[in-house]
Amino acid sequence: MGERARGLEAARVAEILVRRPDGLPGRRGSGYRVGEATVLTAAHVVAGPLASLRVRFDADRPGEWAADARVVLLAESADVALLEITDPPTGAPPAGPPPYAAVPDADLTLPFSAMGFPRFKLREDTAHLLDDGSPSQYRDSCHVSGTVSVLSNRREGTLELAVVTPPADVEPDRSPWEGMSGAVVWCGGRVIGVVRAHHRSDGLGRLAAGRVERWYDTLTPAELELLQRYGGLPPRPELALAPSLPDGAHDARPAPAPLTGLPTDLPLRELAGLVDALTALPMLRGGTGTALLLDSIDDRVAANAPRDPRLRMDLYGIVRTCLRYPGTLDQLLEAVRLLEGPSPEVERMDRAAGGLAGRDSARDGRRDGE
């Protein structure tokens with residue numbers, strides 16, 4: 001077995017292309033190459049009858065390659081699968097098994113990253129036209145980072161991943177996260193899970209991932225043996241614990257309350273605390289911080305926010321514009337958390353946001369009592 005490579009490598013992220021028989025709609029998913037000819041993904045991505053199954057790497061880049069694959073492990077109880085690449089091309093990059101880790105069942109929030117191909121990354125490709133002259137489409141990659149709230153979803157046995165909210169949900173019958181299933185979740189250079197679901201009731205800023213340590217309890221001995229042989233999963237006694245935050249501190253802060261219920265005409269005086277906290281952020285004191293922040297959220301905010309060279313006035317305009325598009329203020333704050341990282345300024349911002357969330361909850365409580 002090859003040397004274990006630590007950390008997410010973009011060249012090993014797989015786009016899984018499923019074609020089904022009898023005119024059934026195809027399916028897309030994500031995965032990760034965990035061996036020379038093995039891809040780890042979610043079971044529901046490749047479940048059911050298949051007309052064809054292909055994996056693609058580095059699409060439209062110099063190192064692009066694709067190959068047919070077959071399912072060698074389909075463990076629906078844990079929603080995990082392994083695919084064997086049946087015809088890997090000569091010269092494909094080497095790929096040893098990744099290191100795996102368990103997440104402690106404790107009062108922690110941990111950083112994570114993952115990469116996949118969700119539906120909201122659908123793009124028009126004007127360089128490749130269809131027969132009728134219209135542009136073709138492709139899905140671009142999505143590199144997400146955020147935090148794992150360890151004690152959430154204990155009954156389901158999954159990890160709750162807090163992420164920056166994608167653009168507005170324009171298809172109510174389809175999740176913008178379709179296609180992200182199967183993406184491998186990393187923490188501290190180790191695999192801690194596989195994305196398996198987006199629960200619509202959790203909002204657009206939450207995903208659920210299967211936990212590596214649960215595989216030992218859920219899989220049969222034969223399934224575990226396959227995962228160890230093909231995917232490099234270690235025996236349970238050798239499974240490491242995921243590291244905590246980079247500085248070694250245990251961050252026990254609860255996930256922030258959503259701000260989606262705030263009125264669009266909230267008075268400026270009620271936004272002052274949040275705007276003051278945003279103004280104090282080091283990342284916004286430079287020349288590009290605000291532009292980077294706006295690039296990380298729904299583009300309607302940048303298109304419609306009144307801009308001002310004075311930072312405080314600029315932030316008032318951005319925040320007020322976010323109130324007009326539900327969910328975008330949460331996007332903004334989550335982008336700050338990811339870009340700025342843990343800091344006293346971010347904690348101040350979260351306290352101000354918590355005050356606004358408390359205001360909204362108190363208003364709802366008064367309404368309920370009327």
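Reply: Tyr32 and Trp186 are both buried, where buried means under 20% relative accessible area, exposed over 50% and partly exposed in between (1.4 Å probe, protein chains only). This is a predicted model, in which local features need pLDDT of at least 70 and side-chain atom pairs count only at pLDDT 80 or more, while totals for chains, interfaces and linings use all residues. Residues are numbered from 1 along each chain as its sequence is written, and side-chain values use heavy atoms, with hydrogens and water left out.

Rings of Phe, Tyr and Trp (its six-membered ring) pair if their centres lie within 6.5 Å; planes under 30 degrees apart count as stacked, over 60 as edge-to-face and the rest as tilted. One of these pairs is formed by Tyr32 and Trp186, which are edge-to-face with 5.3 Å from centre to centre and 70° between the planes. Tyr32 belongs to strand S2 and Trp186 to strand S13 (residues 184-187), so this pair ties together parts that are 154 residues apart in sequence. Helices (H or I, at least four residues) and strands (E, at least two) are DSSP runs, numbered from the N terminus.

Phe120 and Trp177 also form an edge-to-face pair, because their ring centres are 5.1 Å apart and their planes stand at 85°. Here both partners come from loops: Phe120 from the one between strand S8 (109-116) and strand S9 (122-129), Trp177 from the one between strand S12 (158-162) and S13, so the pair ties together parts that are 57 residues apart in sequence. With a relative accessible area of 22%, Phe120 is partly exposed, whereas Trp177, at 4%, is buried.

Another buried side chain is found in a helix. Glu213 lies in helix H1 (residues 212-218) and has a relative accessible area of 13%, so Glu213 counts as buried. Its side chain reaches the backbone nitrogen of Val103 at 3.3 Å. Leaving aside neighbours within four places in sequence, Glu213 is in contact (heavy atoms within 4.5 Å) with Ala101, Ala102, Val103, Arg236 and Leu239.

Asp22, in the loop between strand S1 (13-19) and strand S2 (27-35), has a phi near 60°, a positive value in a residue other than glycine; at 78% relative accessibility, Asp22 is exposed. Asp60 is located in the loop between strand S4 (52-57) and strand S5 (65-75), and its phi is likewise positive, near 60°. Asp60 is exposed at 61% relative accessibility.

Definitions and conventions. Polar contact = N/O pair within 3.5 Å; in protein donor to acceptor, adjacent residues only side chain to side chain.
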